[in-house]
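Work through the exercises below with the sequence and the structure open beside you. Each task is followed by a solution that goes step by step.

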Amino acid sequence: MNHWIVVPVVLPAMVAPLIVLAMRNDLLLQRVFGLASSVVMVALAGGLLWSASVNPPQAYFLGDWPAPFGIVLVLDRLAALMVALTAVLALVVQLYVVGSGWDARGKHFHALFLFQVMGLNGAFLTGDAFNLFVFFEVLLIASYGLMIHGGGRDRLRAGVQYVAFNLIGSTLLLFALALVYAVTGTLNLADLAVKVASLPPGDAALLRVAGVLMMLVFAVKAALVPLQFWLPGTYANAPGPVAALFAVMTKVGAYAVIRVYTLAFPTETAATGTLFADLLAPAALVTIAVGSVGVLGATTLARQAAFAAIASMGMLFVAVAAFQPQATSAALYYLVHSTLAGAALFLIVDLVADRRGSGALHGASVPFVQSGLLAALFLAAAVALAGTPPLSGFIGKLLVLDALRDDMVLVWSVVLAGSFLMILGFARAGSHVFWKSQASAPDDQTDDRHGPDALAFAAVFALMAGLAALTVFAGPVTAWLDTTAQGLHDREAYIVAVMAREGEG
Amino acid sequence: MEVLIASAIGMMTASGIYLLLRLRTFPMIVGLSLLSYAVNVFLFASGRLTVGMAPIIDKAAAGYADPLPQALVLTAIVISFGMTAVIVMMALGAYLHSGDDRVDMNDSSVGDER
């Protein structure tokens, strides 16, 4: 067994309590330990990514119990990709937090941050549906703390909404898992894939109910219409860097849909057929529409970034809902792109709001000191999210559109009209915020709240460099993702990796 | 027994959802607790209802009670307990900051505070 598979979960789980217990009053030590573990995680994730690329899926049996009796972690290409994406994003966001001084505005930022990373990694690596629920709760409870970090009336009230919405989601997920267990007698995903294929027809209706309930929960996580209401208020009120980290939290929902529905409920299953694809596809199209209209009509920059996140989830799910390898590969490319681009936009919005004093997009324009750098970064992030050339958003959208040639009329028109609305919305916001609002720097720099924040800009530039790299190396990346998607759709290797040891025990 | 358990789950779910829709923090928290009780009983019932059976597979035994849902219920209870504590604290904080315990917010001021 490759013991490195469990380290992305264990490492933050060890360091975070250490930070809470031993260095709660020392911000410098917290920063050193937080950043050090993020750097180690990036190295580790790189190693796992390499290991997953050259090997078939590998299972890690906790306590050495054979599946399906024990809990398994499974490292395949998709899981390794998500873990690597999380590790890179976490490091960048943490650099930004240290550079902008957000972690000094409340206690325990770094500990909560590491617990969040632990939950994310666990959710990506687990091969067990109930364990998925547990890791969802770990990442959610850490996100509740991060979301209200820094306090304030609106942030707390938005936090209560966010927690309530997610608690209802968790309850639904438990109902779904209980149904799955009652029908199939297993919660191990690989075992579930085997059991669902040979289900007696009498149980098919119950299984469909369980599958749809589970999809509702993942749709809550992924902010798919009509379950997107929590997202704008939460992301707009969360601290900027936390919202940037949350860019990967919506992707957890997308990951869970890809994982569970390609593995356990593929479209050729007799009991469920194309039910889930039929439900997801229209919801995804409406999500694009809602997101792009929201980008056009948003009242603040942060809300605009939140609606851009919703639109990108719609785009992602249009491709996921096709449930065939080419579209899944396009979806994964767009997933990586939209995580980096969305996070960059949230960080830039935080930088703007910090200098400008507000992110409002209505009323008189607020003059603020700027050098053109912020405006250029905003332009680059807007170009990436709206999906115009030259950045990776264009390639991502092109791949999705190319994969969905069959529904050209409907899908293409919604996607292209949505992109047009997003360009309009971002152009309106950019001209309101950055044009004709130049103020000269005051003579005394004494009221500078944060001091030099080169580290914060470095973090934003790192995300931009990631987007540029994703554009330049689009060829090798898509080739790698094609193999990944192929592996997801012929499930044999995954099932064998988990279930092969059954006979030995 | 089946009727009793099914109607208990149904009534707790219905009252929980009704309380959730009240849009005040205290009824909402009570509603969430009721929902989590309902789901705990539901999880328990997913291993089939048995009376007086041991949770151990034995060739001589006539049948057995499924122990796995009991473990799942324990996990779910612990998690929902922790989550309830978190939301109570956050709701208290929100109430003390704003002097209002409504859950819904108006959009005009949202996202402008730092």
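**Exercise 1.** Is the crossing of H6(A) and H2(B) left-handed or right-handed? Describe the packing of the two helices as well.

Solution. The model is a predicted one, and every value below is computed from it. Begin with the geometry: H6(A) and H2(B) pack at an angle of about 15 degrees, and their axes are 9 Å apart. Since angles under 35 degrees count as roughly parallel, H6(A) is therefore roughly parallel to H2(B). The handedness asked for is left-handed for the crossing of H6(A) and H2(B). Next, list the residues that make the contact: H6(A) contributes Val160(A), Ala164(A), Leu167(A), Thr171(A), Leu174(A), Phe175(A) and Ala178(A), while H2(B) contributes Thr25(B), Met28(B), Leu32(B), Leu35(B), Ser36(B), Val39(B), Phe42(B) and Leu43(B). Sorted by type, the residues of this contact of H6(A) with H2(B) are 12 nonpolar and 3 polar, with no charged residue.

**Exercise 2.** How many residues does the contact take from chain B, and how many from chain A?

Solution. Chain B gives 34 residues to the contact and chain A gives 37 residues. On the side of chain B that touches chain A, the elements giving two or more residues are helix H2 (25-45) and helix H3 (68-98) of chain B. The largest share of that side, 15 residues, comes from H3(B). By type, the residues of the side of chain B that touches chain A are 20 nonpolar, 10 polar and 4 charged.

**Exercise 3.** Is Asn166(A) buried or exposed?

Solution. First locate the residue: Asn166(A) belongs to helix H6 (residues 153-184) of chain A. Then apply the cut-off, by which a residue is buried if 20 or more other C-beta atoms lie within 10 Å of its own. Asn166(A) has 23 other C-beta atoms within 10 Å, so Asn166(A) is buried.

**Exercise 4.** At what angle do helix H8 (residues 204-222) and helix H11 (residues 275-297) of chain A pack?

Solution. The angle is about 30 degrees, with the axes of H8(A) and H11(A) 10 Å apart, which means that H8(A) is roughly parallel to H11(A). H8(A) passes H11(A) in a right-handed crossing. For the residues involved, Arg208(A), Gly211(A), Val212(A), Met215(A) and Ala219(A) in H8(A) meet Leu275(A), Phe276(A), Leu279(A) and Ala283(A) in H11(A). The residues of this contact of H8(A) with H11(A) divide into 7 nonpolar, 1 polar and 1 charged.

**Exercise 5.** Which residues touch the most other members of the largest nonpolar core?

Solution. The largest nonpolar core holds 231 residues, and those touching the most other members are Leu177(A), Phe317(A), Val318(A), Ala319(A), Ala344(A), Ile348(A) and Ala381(A). Helix H13 (residues 325-356) of chain A gives the most to this core, with 20 residues. To follow one of the residues named, set aside the neighbours of Ala344(A) within four places in sequence; Ala344(A) is then in contact with Ala381(A), Val460(A), Leu463(A) and Met464(A).

**Exercise 6.** Where does Pro226(A) lie, and what kind of peptide bond joins Val225(A) and Pro226(A)?

Solution. Pro226(A) lies in the loop between H8 and helix H9 (230-237) of chain A. The peptide bond joining Val225(A) and Pro226(A) is cis, with omega about 5 degrees.

Methods: Residues numbered from 1 in each chain as written. Chains lettered and ligands numbered in written order. Predicted model: local features only at pLDDT ≥ 70, side-chain atom pairs only at ≥ 80, totals over all residues. Contact = placed C-beta atoms within 7 Å. Helix = DSSP H or I, 4+ residues; strand = E, 2+ residues; numbered from the N terminus. Nonpolar A, V, L, I, M, F, W, Y, C, P; charged D, E, K, R; others polar. Core = buried A, V, L, I, M, F, W, Y, C linked by C-beta atoms within 7 Å. Buried ≥ 20, exposed ≤ 12 C-beta atoms within 10 Å, placed from the backbone. Axes fitted to C-alpha atoms, helices over the stretch in contact; angles between N-to-C directions. Parallel < 35°, antiparallel > 145°, perpendicular 65-115°, else oblique. Left-handed = near helix turned anticlockwise from the far one by under 90°.
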